[in-house]
Amino acid sequence: MEKLEECDVKPKKSKIKAFRNTNVNVKLKGEKKKTLKKYSDITWTRNGDKWNPKSDGKGKFNGFVIKKFGPEDAGEYVGTIYIDQKGVKSFCEVNIHIEMLEGSVTLNIVNSKELSKPQRTGKELSIKCEADIVNVKLDDAKDPNNVNWYRVSPTLTRTTYCSPTTTTSPYSEEKLTTS
């Protein structure tokens with residue numbers, strides 16, 4: 001039996017946390033790109049089952065990308081790497097744990113009592129919202145447009161609502177005109 005040397009390949013991040021529908025990029029480090037590209041053979045398993053990165057995303061010589069990450073993609077990934085460079089053979093395994101982050105938003109309308117009373121037509125009113133945000137990424141947390149403002153005006157009642165499409169900063173205020 002041929003003796004294999006231990007290779008130096010390791011994951012750039014051994015634990016990755018990702019949001020649903022994002023791309024997850026797994027990269028390996030420790031060997032030159034040329035070595036990984038020309039002389040290596042990498043096989044992957046996901047949760048103990050043989051897995052091909054090309055089936056769920058994009059395989060790369062130094063890792064893989066999972067496109068549109070979902071709950072079924074979370075788990076333990078093990079890469080088995082064989083390198084045969086000019087007769088020098090090496091072997092190693094890398095372990096990567098990928099976890100899905102679940103986000104939530106709790107929205108509280110601070111001035112709900114004031115808003116529950118009948119409103120005068122044509123008069124501006126302010127809706128003040130406090131948001132409790134857990135594991136939600138926003139491009140600009142202070143942008144009030146992170147909240148989808150809309151109103152419902154049935155003939156019997158006039159009520160204005162705010163609801164998050166993503167979320168907003170801990171405090172947001174939107175002025176609307178009743179009709």
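Predicted model: local features only at pLDDT ≥ 70, side-chain atom pairs only at ≥ 80, totals over all residues.
Visitor: How many disulfides does the structure hold?
Guide: A disulfide needs two cysteine sulfur atoms within 2.5 Å. The sulfur atoms of Cys-7 and Cys-92 are 1.9 Å apart and form such a bond. The number of disulfides in the structure is 1.

Visitor: How many residues apart in sequence are the parts that the pair of Cys-7 and Cys-92 ties together?
Guide: Cys-7 sits in the loop between β1 (5–6) and β2 (10–11). Cys-92 belongs to strand β10 (residues 88–101).

Visitor: Is the disulfide of Cys-7 and Cys-92 left-handed or right-handed?
Guide: The handedness follows from the torsion about the S-S bond. For Cys-7 and Cys-92 that torsion is about -75°, so the disulfide is left-handed.

Visitor: Is Cys-7 buried or exposed?
Guide: Buried means under 20% relative accessible area. Cys-7 has 3% relative accessibility, so Cys-7 counts as buried.

Visitor: What kind of aromatic pair do Trp-51 and Phe-64 form?
Guide: Planes over 60 degrees apart count as edge-to-face. The two rings lie 4.9 Å apart, centre to centre, with 70° between the planes. Trp-51 is in strand β6 (residues 49–51) and Phe-64 in strand β8 (residues 63–66), so the pair ties together parts 13 residues apart in sequence. The pair of Trp-51 and Phe-64 is edge-to-face.

Visitor: What kind of pair do the rings of Phe-64 and Tyr-77 form?
Guide: Phe-64 lies in strand β8, while Tyr-77 lies in strand β9 (residues 75–85). Their ring centres are 5.5 Å apart. The planes stand at 40°, so the pair is tilted.

Visitor: Which residues do ring pairs link into a cluster?
Guide: Phe-64 pairs with Trp-51 and also with Tyr-77. Trp-44 belongs to the cluster as well. The linked residues are Trp-44, Trp-51, Phe-64 and Tyr-77.

Visitor: What is the relative accessibility of Phe-64?
Guide: Both Phe-64 and Tyr-77 are buried. Trp-51 also counts as buried, at 7% relative accessibility. For Phe-64 the value is 0%.

Visitor: How far apart in space are Ile-109 and Glu-130?
Guide: Ile-109 is part of strand β11 (residues 104–109), and with 22% relative accessibility counts as partly exposed. In sequence, Ile-109 and Glu-130 are 21 residues apart. In space, C-alpha to C-alpha, the distance between Ile-109 and Glu-130 is 6.5 Å.

Key: Residues numbered from 1 in each chain as written. Heavy atoms only, no water. Helix = DSSP H or I, 4+ residues; strand = E, 2+ residues; numbered from the N terminus. Buried < 20%, exposed > 50% of the residue type's maximum accessible area, 1.4 Å probe, protein only. Phe/Tyr/Trp six-rings, centres within 6.5 Å; stacked < 30°, edge-to-face > 60°.
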